[in-house]
Amino acid sequence: MSSEPGNRLYLTVWVGLLVLTAIEIVLAYMQLSVTVMLLTLMGLSFVKAGLIVAYFMHLRFERRSLVLTLIPATLMCIALMAFFFPDSLRILELG
Amino acid sequence: MASLKTGAGTWGGGGSPYAIGSKKLGMWLFILSDTLTFTVMLMAYSYVRIANPDWPRPFDGHSIFLASVMTLCLLSSSVTMVFAVLNAHRGNRKQTVRWMIATIIGGLAFVVLHTNEWLGLIGQGVTPFGNPWDVPLFGATFFALTGLHMTHVTLGVIYLAVVAWGFNGGRFTDEDVEVSGLYWHFVDLVWMFIFPLVYLMSNTV
């Protein structure tokens, strides 16, 4: 709260997000397996989401108690929901 | 913000433990619930998409290019929203409204491009209940996911316009601008997952 970050920081984050998006688009034109493609794209997307939440949504400059209340529980819920996701690949192999 | 005292006795009700206003906390809690809604819809789409060997891929290079432009619109509108919030905190009323109008334009550009893409697909016979490739799950999941997101963007544009109007007239404070900004960044964040999962994944895989 006390130390307001300047415009430069936000523009840097914006450029970083654009670069990550460009990398994703290039990846989309490469021949990769479903699993590798899914994991790489999701990894990059989580980095982008982290940048947006930390800087644009200002969470990096909030109190740690707020961050600890919001983020771990949400990630845990998402992880629990993703628990059965690999099953989709098994169905594909069953033919 | 002066009323948000922290320190001893905070958890005993002596102050705000998060040092933020209740509007902002409310928006954060809404964003959490919306995160889970979108997570479920993205997982449903990806699950049936991966488990289905005949999944249609109507997104050619042209629509991937358009989706990339839509990503650029949303990312840029997010950064203009950041500048609107910064100016609102500094008390620059005119600048805030200008940056918010820029944000609204970015959002509208997204809605127009996306609607155009939808109409193209509908023209090919892709509807929520059927398509030429006989995989109705595609239309169901695609339109539900992108439709929910587009609803968020459209409502966000209206929300931002109302807040900008009210901030200009002095009815809303800089906190209201910041809270509307949180919502807008979240809409942007969701698209960061829809874009790779729906468009990029269907290019070669």
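These notes go through a predicted model of chains A and B, point by point.

1. Conventions. Residues are numbered from 1 along each chain as its sequence is written, while chains are lettered from A and ligands numbered from 1 in the order in which they are written. As the model is predicted, local features need pLDDT of at least 70 and side-chain atom pairs count only at pLDDT 80 or more, whereas totals for chains, interfaces and linings use all residues.

2. Confidence. The scores of the model are ipTM 0.88 and pTM 0.89. For chain B, the mean pLDDT (the predictor's confidence in each residue, from 0 to 100) is 88, and 92% of the residues reach 70 or more.

3. Chain B overall. Chain B has 6 helices and 0 strands; helices (H or I, at least four residues) and strands (E, at least two) are DSSP runs, numbered from the N terminus. The pattern along the sequence is α-α-α-α-α-α. Along the principal axes, the C-alpha atoms of chain B fill a box of roughly 60 × 40 × 25 Å. Of its 205 residues, 40% count as buried. A residue is buried if 20 or more other C-beta atoms lie within 10 Å of its own, exposed if 12 or fewer, and partly exposed in between, with C-beta atoms placed from the backbone. Two residues are in contact if their C-beta atoms, placed from the backbone, lie within 7 Å. Among contacts in chain B between residues at least 6 apart in sequence, 73% join residues at least 24 apart.

4. Helices H3 and H4 of chain B. H3(B), residues 61–90, has 30 residues and reaches 44 Å from first to last C-alpha, close to the 44 Å expected at 1.5 Å a residue. The expected span is 1.5 Å times one less than the number of residues. The buried residues of H4(B) include Trp99(B), Met100(B), Phe110(B) and His114(B).

5. The contact between the chains. On the two sides, 35 residues of chain B are in contact with 39 residues of chain A. H2, H3 and H6 of chain B each supply at least two residues of the side of chain B that touches chain A. The largest share of that side, 11 residues, comes from H6(B). The residues of that side divide into 26 nonpolar, 8 polar and 1 charged. Here Ala, Val, Leu, Ile, Met, Phe, Trp, Tyr, Cys and Pro count as nonpolar, Asp, Glu, Lys and Arg as charged, and the others, Gly among them, as polar.

6. The largest nonpolar core. Such a core is a set of buried Ala, Val, Leu, Ile, Met, Phe, Trp, Tyr and Cys residues joined through C-beta atoms within 7 Å. Of its 65 residues, Ala84(B), Leu182(B), Val190(B), Ile194(B), Phe195(B) and Val198(B) touch the most other members. H1 and H2 of chain A, together with H2, H3, H4, H5 and H6 of chain B, each supply at least two residues of this core. H6(B) gives the most, with 19 residues. Leaving aside neighbours within four places in sequence, Phe195(B) is in contact with Ala67(B), Thr71(B) and Leu200(B).

7. Helix H1 of chain A. In H1(A), Val13(A), Leu17(A), Thr21(A), Glu24(A) and Ala28(A) are buried. They are on the same side of H1(A), because they cover an arc of only 80° around the axis; the arc is that of the directions from the helix axis to the C-beta atoms. The face turned away from the buried side carries the exposed residues Arg8(A), Thr12(A), Val15(A), Val19(A), Ala22(A) and Val26(A).

8. Loop residues. Phe129(B) lies in the loop between H4 and H5 of chain B and is exposed, with 8 other C-beta atoms within 10 Å. Not counting residues up to four places away in sequence, Phe129(B) touches Pro136(B) and Gly139(B). Asp134(B) lies in the loop between H4 and H5 of chain B, and its phi is positive, near 65°, in a residue other than glycine. In chain A, His58(A) also is not a glycine and has a positive phi of about 70°. His58(A) counts as partly exposed because it has 19 C-beta neighbours inside 10 Å.
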